[in-house]
Amino acid sequence: MKIAVIGGGNLGSALAKALVKKYDVVVTRRNPEKIDFLRELGCEITSDNAKAVQDSDIALLTVKKDHVKEVLSEIPKDKITVSFVAGLTFKELEMVLKKPVKAMTMLSAEFGKGFSIYYSKLVDEDNDLVERVLSCFGDVFRGEEKDVDNLTAFASSLAFIPKIYEAFVYSGLRLGYDSEIAKRIALQVFEGGVELLKSYEPHEIVEKIVTPAGTTIEGLCKLMERGVEFGIIDAIQACAKRFESL
Ligand SMILES: NC(=O)c1ccc[n+]([C@@H]2O[C@H](COP(=O)([O-])OP(=O)(O)OC[C@H]3O[C@@H](n4cnc5c(N)ncnc54)[C@H](OP(=O)(O)O)[C@@H]3O)[C@@H](O)[C@H]2O)c1
């Protein structure tokens, strides 16, 4: 199978890296020299959107909304075309393309650790092909258009993680570790936390770690005092609110 990634920027490059491990991939952008690193991984690179889509079984649209009109005017309309463009409606896609799919994913798709949601009106056979492609990016869910739009807001929260990680590293530095050790410990706190969450409910993990009158409960009380949970809920809500005005 050959896949065209139209718009090899941040998202397009991440998706291409995941896909090229399994499939033939052609990536386009107007300045193809900026993604030479993808050629080294085995991708074909070009600025010819029309030919890239023509020669492929499926196209992924990863340009910004401002560039969609231009791209859609160039590419063949009969191929399955999966749009990851935030703010572009299924109706707008349907007006131009014969086999549109509206989808959303997240940057961690590069490592097969994303979550993708798609909405389509395709026949089962075509949806199977879409799912085979999206499964290269991690978990996949077929939902309604609203589910796709909500993921645009929810997946923005991936950008919160490096900020929270930095706070952990600063805490390690404050305790006196050098920055390399502080980063290694902080990463293990994240990775270990994810592994524990796969096996236990949050309250079970907390109960296993907390000692009465110990250190952890002091930190947890401080987190609650600072309203960290509601801060995160508010921040994701802010992403959702912004999405409505795109
Ligand atoms: N970044 C994310 O984590 C993420 C996650 C989910 C969804 N998205 C969605 O993915 C889309 C891209 O986001 P991004 O962050 O990857 O933006 P980006 O880094 O700016 O990538 C967009 C790419 O499109 C290329 N492009 C523009 N016009 C083109 C054309 N006519 N033909 C071919 N390529 C063209 C640009 O390269 P040239 O200027 O060289 O052409 C640019 O590298 C957006 O709609 C966004 O909503 C992004």
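In this predicted model, a polar side-chain atom of Arg29 sits 2.8 Å from an oxygen atom of the ligand, a polar contact being a pair of N or O atoms within 3.5 Å. On its own the ligand would expose 880 Å², and the protein buries 82% of that (Shrake-Rupley areas, 1.4 Å probe).

The shell around the ligand counts 22 residues, with Leu11, Arg29, Arg30, Asn31 and Val63 coming nearest (a residue is near if one of its heavy atoms lies within 4 Å). By class, the shell splits into 8 nonpolar, 10 polar and 4 charged residues, with Gly counted as polar and Asp, Glu, Lys and Arg as charged.

As for the annotated domains, UniProt puts "Pyrroline-5-carboxylate reductase catalytic N-terminal" (unreviewed entry) at residues 2-87. That span is 33% helix and 24% strand, its end C-alpha atoms 27 Å apart. The record also places "Pyrroline-5-carboxylate reductase dimerisation" (unreviewed entry) at residues 145-245; this stretch is 84% helix and 0% strand, with end C-alpha atoms 16 Å apart. Such annotations may be inferred rather than shown by experiment.

Residues are numbered from 1 along each chain as its sequence is written, and side-chain values use heavy atoms, leaving out hydrogens and water. Local features need pLDDT of at least 70 and side-chain atom pairs 80 or more, while totals for chains, interfaces and linings use all residues.

Note on methods
Polar contact = N/O pair within 3.5 Å; in protein donor to acceptor, adjacent residues only side chain to side chain. Helix = DSSP H or I, 4+ residues; strand = E, 2+ residues; numbered from the N terminus.
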